[in-house]
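This report goes through one protein model a feature at a time. Keep the sequence and the structure in view while reading.

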Amino acid sequence: MKIVFFSLFPNLILPYFQDSILKKALDKNLFEIEVVNFRDYAKNRHKKVDTELVGGGAGMIIDNNALRYALESYKNKFPQARTIFLTPVAKKYNQKDAIRLANEKVLFLVCGRYEGFDERLIEDFADEVLSIGDYVLTGGELGALVIVDSVLRNVKGVLGNSESLEGESFGNNLLEAPNFSKKGEVPSILKSGNHKKIDEWKNIASLLKTKFHRPDLI
């Protein structure tokens, strides 16, 4: 899988892949990343990429030029890429999306800034628009990293043990059952060795936990 971030701040993205599981997977060539600073595609003298809103309003938006040139250039290189714009004005991202996107060969993650994008960019280039939650950030880089992290862990080989994906939260619209270390007192059923009974306990605990923390999932 190849992932291309379109951002005005590459240094917010690159350090995330310098440690831990994703660094090991990157070193094994299980995925590839590239960060495109679309300011480099601005054709005006001062490399300006923002513009005032038509019709008035506070703040600036990403204009309809530099990012357009960047996306056109990379769409020509990777016509099969799925292009995702990160914006609060979008469908809320979830685990099913992560599993679905893990099957893509090339992902473009377009990170917004200021008051967002010129809408024509979304209309012309977006295969989908996604939001990671009901709140507003200063930019789309964190949202893009959240999506990429959750997608990559579903790519074969990225996690050292594929069984780690089994029984996770949201996989069946339930939160994961509580987990315990071996030391100290824990529910006795977990030490019984009876895997059928353990699974039954975990299913009940998962349902109760979901009802308490996320009744909207039931």
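## A network of charges

Arg-82, Lys-91, Asp-97, Arg-100 and Glu-128 are joined to one another in a network of salt bridges. The model is a predicted one.

How exposed or buried are the two partners? Arg-100 has a relative accessible area of 33%, so Arg-100 is partly exposed. Asp-97 has a relative accessible area of 5% and is therefore buried.

## Overall make-up

The protein has 218 residues, and 39% of them count as buried. Its secondary structure consists of six helices and seven strands. Starting at the N terminus, the order of the elements is β-α-β-β-β-α-β-α-β-α-β-α-α.

## The sheet

Five strands form an open sheet in the order S2-S1-S6-S5-S7, and their pairing is parallel. Strand S2 (32-37) and strand S7 (128-131) are the edge strands, as each of them pairs on one side only. From one strand to the next, the twist averages 30 degrees. As a general point, the strands of a sheet pair through backbone hydrogen bonds, and the pairing is either parallel or antiparallel.

One pair can be followed in detail. Strand S1 (residues 2-7) pairs with strand S6 (residues 106-111) in the parallel sense, over five bridges. In this pairing Ile-3 stands opposite Leu-107 of S6.

## The nonpolar core

In soluble globular proteins, nonpolar side chains tend to be buried together. In this model the largest nonpolar core has 27 residues. Phe-5, Phe-17, Leu-101, Leu-109, Ile-147, Val-151 and Leu-152 have the most contacts inside this core. Two or more core residues come from each of these elements: S1, helix H1 (20-27), S2, strand S5 (82-92), helix H3 (95-101), S6 and H5. Which element gives the largest share? H5 does, with six residues.

Phe-5 belongs to strand S1, and its relative accessibility is 0%, so Phe-5 counts as buried. Phe-5 and Val-148 are 143 residues apart along the chain, while their C-alpha atoms are separated by 9.9 Å.

How many salt bridges does a search of the whole structure find? The search finds 10. One of them joins Glu-32 to Lys-2, with 3.0 Å between the closest N and O atoms. This pair links distant parts of the chain, since Glu-32 is in strand S2 and Lys-2 is in strand S1, 30 residues apart. Glu-32 counts as partly exposed because its relative accessibility is 44%. Lys-2 has 8% relative accessibility and so counts as buried.

Asp-124 and Arg-68 form another salt bridge, and here the closest N and O atoms are 2.7 Å apart. Asp-124 lies in helix H4 (residues 119-125) and Arg-68 in helix H2 (residues 66-77); the two are 56 residues apart, and the pair links distant parts of the chain. Asp-124 is partly exposed, because its relative accessible area is 48%. Arg-68 is buried, because its relative accessible area is 14%.

## A buried threonine

Helix H6 (residues 195-213) contains Thr-210. Is Thr-210 buried or exposed? Thr-210 has 0% relative accessibility and therefore counts as buried. In sequence, Thr-210 and Leu-175 are 35 residues apart; in space, the distance is 5.3 Å from C-alpha to C-alpha.

## A nonpolar patch on the surface

Some nonpolar residues are found on the surface: Tyr-135, Leu-137 and Leu-142 form a nonpolar patch there. Together they have about 300 Å² of accessible area.

Leu-142 is part of helix H5 (residues 141-152). Why does Leu-142 count as exposed? Its relative accessibility is 56%, and the cut-off for exposed is over 50%.

How values were computed: Residues are numbered from 1 along each chain as its sequence is written. This is a predicted model: local features need pLDDT of at least 70, side-chain atom pairs count only at pLDDT 80 or more; totals for chains, interfaces and linings use all residues. Side-chain values use heavy atoms; hydrogens and water are left out. Patches are made of residues with over 30% relative accessible area and no salt bridge: like charges are joined within 9 Å, nonpolar side chains (Val, Leu, Ile, Met, Phe, Trp, Tyr) within 5 Å. Accessible areas come from the Shrake-Rupley method with a 1.4 Å probe; for residues, only the protein chains shown count as cover. A salt bridge is a side-chain nitrogen of Lys or Arg within 4 Å of a carboxyl oxygen of Asp or Glu. Helices (H or I, at least four residues) and strands (E, at least two) are DSSP runs, numbered from the N terminus. Buried means under 20% relative accessible area, exposed over 50%, partly exposed in between (1.4 Å probe, protein chains only). Two strands pair if DSSP finds at least two bridges between them. Axes are lines fitted to C-alpha atoms, for helices over the stretch in contact, and angles run from 0 to 180 degrees between N-to-C directions. A nonpolar core is a set of buried Ala, Val, Leu, Ile, Met, Phe, Trp, Tyr and Cys residues joined through side-chain atoms within 4.5 Å.
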